[in-house]
Amino acid sequence: MRQLDRDVVIVGAGPTGLTAAHELTKAGRSVAVLEARDRVGGRTWTGEVDGATLEIGGQWISPDQTALYALLDELGIDTYARHREGSSVFVDHDGNRRVYDGEDFPVGEETVRQIHRLVEVMDRYAAEIDPDLPWAHPEAKQLDTISFHHWLREQVDDPVAVDCVGLFIAGGMLTKPATSFSALQALLMAASAGSFSHLVDEDFILDRRVVGTMQGVSQALAARLGDDVVFLDNPVLRLEWTAEGVVAHGADVVVRARRAILAVPPNLYGRVSYEPALPRTQLVAHQHQSMGLVIKVHAVYDRPFWREAGLSGTAFSPTSTVQEVYDNTFHEDARGTLVGFVSDEKADAVWALDEDARRKVILDDLALFLGDEAREPQVFYLSDFGSEEWTRGAYATSFDLGGLHRFGPSQHDPVGPIFFASSDLAGAGYQHVDGAVRMGRRTAARIVAELDGSPHDPTYDGVASPFEVTA
Ligand SMILES: Cc1cc2nc3c(=O)[nH]c(=O)nc-3n(C[C@H](O)[C@H](O)[C@H](O)COP(=O)(O)OP(=O)(O)OC[C@H]3O[C@@H](n4cnc5c(N)ncnc54)[C@H](O)[C@@H]3O)c2cc1C
């Protein structure tokens with residue numbers, strides 16, 4: 001068993017933990033990062049499957065994600081635009097397929113008017129909500145104690161409009177049924193991306209990808225940290241703490257440190273045994289954040305055949321098993337790749353099928369959207385973060401109904417020397433890699449200030465690093 005003494009021990013080598021480690025190192029602090037898996041990157045993960053490179057986890061970046069852009073700049077990593085030329089496809093509640101251009105779903109004039117109304121209301125609230133302090137909104141309690149679905153139904157009397165709008169946050173982002181989380185949680189999601197209009201605009205929210213891969217960002221950070229900093233295959237299951245510091249127990253490394261950052265998603269805080277136990281506030285609060293569930297579908301073809309039919313590869317349906325599809329062809333790859341998403345209760349139903357039936361139901365949907373050729377991919381793969389012990393769902397965690405205004409205000413409070421950070425706790429960039437970078441930077445700056453005895457700026461947004469890069 002190796003024994004190490006460091007200023008800060010970081011639990012988790014995802015983008016949050018590695019950004020924090022990078023910042024602390026730049027500030028002259030010694031760190032150790034203990035990671036449960038045999039790889040870095042956490043929910044960003046790139047795999048080679050039957051000769052195809054697939055982004056199994058997080059991949060897209062949008063123009064408002066300025067902290068991630070700043071980090072990419074620092075690491076010398078470029079981005080490229082997602083393919084988006086051509087018409088989109090919509091399959092309506094009756095199973096009718098329609099090809100359309102422009103921003104509005106082809107759902108009839110009155111429903112389009114109602115959708116615009118809902119987008120307007122959501123945008124108005126999102127503009128009023130500070131994503132770092134959603135519980136401070138004057139209507140926070142009221143908005144947090146009604147489900148997003150029921151709140152939408154209160155705004156308009158058009159179930160199709162409600163489903164179409166609900167799709168973007170329920171299936172599309174929080175990956176839970178719209179009846180299971182609050183309107184405030186949905187509005188936080190919108191505010192964290194700048195507006196609800198940003199979330200419904202796939203050309204904005206899915207704007208660009210990282211040259212190389214998104215996991216490559218974590219790999220580049222780990223490489224900069226050098227040897228003897230990141231320890232893989234070291235789940236921390238025991239954390240001793242006092243006011244002075246912590247002792248983190250990994251599988252073959254024990255780290256004594258002045259501060260700890262738990263850079264893991266909140267649904268995994270309970271996996272660690274704390275000695276002494278965490279206070280009541282955290283013990284109770286941590287039970288109210290849970291992961292959503294989404295299957296990311298990857299289908300690779302010899303060529304992007306849908307482009308020949310003038311289609312962009314973008315398709316939506318609030319009612320089919322695969323609710324959204326995009327052209328996900330890799331940078332400079334001659335083959336064509338589609339990515340699709342099966343979310344929440346539909347994901348439950350799909351995982352309950354045997355492998356052949358699962359493949360059929362998904363490929364039937366891709367064929368309905370984009371043509372029969374979609375039934376014969378060269379590579380077919382489903383991302384299954386729900387089976388990953390060190391994640392347990394996708395994309396991220398959110399509070400149960402009423403939990404955000406009740407437990408959110410304490411989520412950033414450290415417990416003695418233990419700090420909590422992950423994209424799940426971010427305001428801007430919530431649930432995204434950008435939020436992970438912000439949380440990593442903000443937590444590192446907070447710890448440096450504490451160790452230095454200098455004032456900490458609680459309004460620091462984590463966009464520009466306050467620390468100089470050293471050699
Ligand atoms: C399928 C999918 C698609 C996504 N798409 C996008 C996208 O397109 N764009 C985007 O910006 N974001 C996307 N995301 C979200 C994004 O990947 C996450 O927000 C981001 O990875 C969070 O970073 P993190 O470091 O906070 O947490 P994580 O990435 O989860 O990292 C936490 C790390 O902690 C480790 N760990 C957990 N428990 C312990 C323990 N006890 N001891 C030691 N280590 C532990 C885990 O193994 C993991 O490596 C997606 C996520 C998924 C799953």
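Started with β12 and its partner β13 (residues 253-262): the two run antiparallel and are joined by four bridges. This is a predicted model, so I'm reading every pairing below as part of a prediction. I looked for a specific pair and found His249 bridged to Val254 in β13. The link from β12 to β13 is a hairpin through three residues.

Then I checked the other partner of β12. Strand β11 (residues 238-241) is antiparallel to β12 (residues 246-249), with four bridges between them. Here Trp241 has Val246 of β12 as its bridge partner. β11 and β12 also make a hairpin, with four residues between them.

Next entry: domains. The assignment for the protein chain lists domain 1 (2-42 + 214-278 + 415-452), domain 2 (79-103 + 203-210 + 293-394) and domain 3 (108-202). I looked up how far apart the centres of domain 2 and domain 3 are, and over C-alpha atoms they sit 24 Å from each other. Their contact uses 15 residues from domain 2 and 15 residues from domain 3. On the domain 2 side, α9 (202-205) and α13 (344-351) each put in at least two residues. Which element gives the most to that side? It's α9, with three residues. By class, the domain 2 side splits into seven nonpolar, four polar and four charged residues.

On to the ligand. I counted who is around it: 41 residues, the closest being Gly12, Gly14, Gly42, Gly58 and His432. α1 (15-26) and α16 (433-452) are the elements that give two or more residues to this shell. Domain 1 and domain 2 each contribute at least three residues to the shell around the ligand.

UniProt, in an unreviewed entry, lists Phe341 under "binding site". I placed Phe341 in strand β19 (residues 336-343). Buried or exposed, I wondered about Phe341? Buried, because 21 other C-beta atoms lie within 10 Å, and the cut-off for that label is 20 or more. Ignoring neighbours within four places in sequence, I get Phe341 in contact with Val294, Lys296, Val297, Val322, Gln323 and Glu324.

Conventions:
Residues numbered from 1 in each chain as written. Predicted model: local features only at pLDDT ≥ 70, side-chain atom pairs only at ≥ 80, totals over all residues. UniProt positions renumbered as here; feature names shortened; annotations may be inferred. Buried ≥ 20, exposed ≤ 12 C-beta atoms within 10 Å, placed from the backbone. Contact = placed C-beta atoms within 7 Å. Near = placed C-beta within 6 Å. Domains from an automatic or database assignment. Nonpolar A, V, L, I, M, F, W, Y, C, P; charged D, E, K, R; others polar. Pairing = 2+ DSSP bridges.
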